Amino acid sequence: MKSFVFPEFQIIRDEEKCGQCRGCERQCAFGTHTYDPVADRLISDNYKCVGCQRCVIFCPKDAIEVRPTPSFYRPNASWSREKLEDLKKQAETGGVILTGSGNDKPFRIYWDHIVLNASQVTNPSIDPLREPMELRTFLGAKPDLMDVSVKDGDVQIKTQLSPNLMVQTPILFSAMSYGAISYNAFRALATAACKSGTYFNTGEGGLPHEMRAEFGRCAIVQVASGRFGIDAEYLNCAQAVEIKVGQGAKPGIGGHLPGEKVSAAVAKTRMIPLGTDAISPAPHHDIYSIEDLAMLISALKEATNYEKPISVKIAAVHNFAAIASGIVRAGADIIAIDGLRGGTGTAPKVIRDNVGIPIELAISSLDRRLRNEGIRNKCSIIAAGGIRCSSDVIKAIALGADAVYIGSAALIAMGCTLCQKCFSNKCNWGICTQDPRLSGRLNVDIASQRLSNLLSAWSHEIAEMLGGMGINALESLRGNRDHLRGVGLYEWELDVLGIKGAGE
Amino acid sequence: MARAAASQTSVGADHIEERIAVAEIDATGLQTKELNDQLRDLLLSGIKKVNIRNVCGQRYIGTRLYTPEHLRMEIEIFGTPGNDLAAFLYGHKITVHGNAQDGVGNTMDGGEVIVKGRAGDVLAFSMRGGEIYVRDNCGYRTALHMKEYEDKKPVLVVGGCTQDFLGEYMAGGIVIILNLLDQTHKANFIGTGMHGGVIYLRGQVEPDQLGGQVEVTAIEEPDRSILDRYVSRFLERFPEIGMSQREIMQSQFYRLKPKSKRPYSNLYTY
């Protein structure tokens, strides 16, 4: 059937600069550029271009430009180009539209409507270059009361403490499975996490055996509804176990790693046959209630000899705070909440763009709910979904989070340009593909260095902002909404966020 | 308290290990964690076999027995163990003299579970290795999302029948429902979303009891040898059934297999 959808991008080649080196042809796995030997020139097919900018960056002559196509349908505020084209694609195929990455729709980004405080004259600011700044964070249940004994000046803790994760900076790498992302990308995340004193999350695709001894010390392993690659050794080699109930990009639905991405090594790690679809059902079929969840939490604590904190990850949806309260009571040590803009390797577009609530509102209502119920100490909160910079991190913590997960931000650090074709197995940046020709493009040492640099830069910026507020420990900012003010927000939004308007 | 019972009379340094080879735990009044603490201590002290008496609802028995050295233990349970018996089980053998509750063999990795009675719901959920034999019936959601990889192939044999959702999302392994009392299969939605593995049913099911992703055929010769092997193992474990291998193998079996290993590949567009 002839497709009535026109190309998204326009490729402009400067023929004078182009040296016919055919680099662009090799760089593009989508087959956008081809060499015409008769004319001795390169021809680009706009229809195939996904706008990932790989050819642009790697053209040695700087001869290529990729921009959104200037073609347009008659402008119509209701029928946007995207709406028209999605409809045409569905009319042509009858399929559910898949996409990757996070929600790209113009929902209000609250981070950009919240401003931070700083000290002036009184309570002087602290210079982080001179004074120690404490960013170290402990994730897990804290006791209601701490019983200590002092003998000859020696303080001993008598209360039995729950296992906690210690992070040097409140930023962890979000769950991205081996299978969804390439081995090199997965390994780069693990390497950077270990180097920077934080943790990476394996996602639900298992942890390759050869990585367990080296990277288990900075791994959070996931148990999701597909239960891929899970054995007692996998659970025990890591420092924490996360039960994945939901994901911000696709709350309420399962996952589906297409057979194309189930390579031999992915099959071995997930312990499923080569080339089958790896289907994660929508719910865990052994969890239909909070009581069932409590059972899996306890089973995982048993399986790991009560040595690891257990995290439960849910998507932020309308009534999630009440559910989260149940999750804490079910014995979770950490709750990870993933907001509306959380990323994904594959999700139906209609779900990604329409389900869930913004993470900023979710953090605040969860923190408030747990405080009101007197159980905030029983678990830590990791916020995820739409964290783009260090100020987002610090605002999340002031709203009540203990730490954040970054997913898209980490991928962008490695080269991702959010072209949203993660499901295609053709990621030109070598991040989201199992094609060895493509994944080989991602150098683990360089990628992990870029990730460590990012964490280091953000940590310095967080220390600067903290010092500016006259605070020398992140702990003092946690849930401290007095340091936040809203700009351009409605009353109800200020109420949910629990912050005052600017100037108040 | 656990006590190591002298099971053999031989003496001498060489035989010390054997002398204390069987331990006993009286589970009366023990909380789940207390019972599992004792079980783990016994495993770490080198005990190879434990009898647990008066078990009444304690959960996760066998779950905390992973050791990096891969120590193995045989456990006999007298009474009724609670939910998630043998969850994540790592190569141990558990025999239940009585009924089991929900979640037997949840995400089990290897080993063997024998239930001399019935099992509850979510039996063998996401099981990925080892064998489970249940003498009588079992509940809903049996063998959901069971999966296999190369020679790691889980096997579940049930002497009776199951309820709805048998083998949903099944991705590998072998499930055999023997229906020895010749009941009418009542289960609906059998094998919905199935994309791997095989289910053998003794006795007939109607097409409307099956999920759309399953095809039913008569068994062939390779199936017969698989059935032979596991039916004989089943009968070895439950001699009280008093049926012969021939008697069972003569009856009509049906094979349920997925139509595709990629059932949803045509659902999407880009």
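In the predicted model, the centres of domain 1 and domain 2 of chain A, taken over C-alpha atoms, are separated by 34 Å. Domain 1 covers residues 9-95 of chain A, and domain 2 covers residues 158-501. Nine residues from domain 1 of chain A and seven residues from domain 2 of chain A make up the contact. On the side of domain 1 that touches domain 2, five residues are nonpolar, three are polar and one is charged.

Helix H4 of chain A runs over residues 183-196. From the first C-alpha to the last, the 14 residues of H4(A) reach 20 Å, close to the 20 Å expected at 1.5 Å a residue. H4(A) is mostly covered, with 12 of its 14 residues buried. Among them are Tyr183(A), Phe186(A), Arg187(A), Leu189(A) and Ser196(A). Just after H4(A), Gly197(A) has a positive phi of about 70°.

Helix H8 of chain A, residues 290-303, also has 14 residues, and its end-to-end C-alpha distance of 20 Å is close to the 20 Å expected at 1.5 Å a residue. Because 10 of the 14 residues of H8(A) are buried, this helix is largely enclosed by the rest of the structure. The buried residues of H8(A) include Leu293(A), Met295(A), Ile297(A), Lys301(A) and Glu302(A). Within chain A, the buried residues of H8(A) pack against strands E13 (219-223), E14 (240-244) and E17 (310-315), and against helices H6 (232-237) and H9 (320-329). Helix H2 (32-44) of chain B is also packed against by these buried residues. Just after H8(A), Asn305(A) takes a positive phi of about 55°.

Note on methods: Residues numbered from 1 in each chain as written. Chains lettered and ligands numbered in written order. Predicted model: local features only at pLDDT ≥ 70, side-chain atom pairs only at ≥ 80, totals over all residues. Domains from an automatic or database assignment. Contact = placed C-beta atoms within 7 Å. Nonpolar A, V, L, I, M, F, W, Y, C, P; charged D, E, K, R; others polar. Helix = DSSP H or I, 4+ residues; strand = E, 2+ residues; numbered from the N terminus. Expected span 1.5 Å × (residues − 1). Buried ≥ 20, exposed ≤ 12 C-beta atoms within 10 Å, placed from the backbone.
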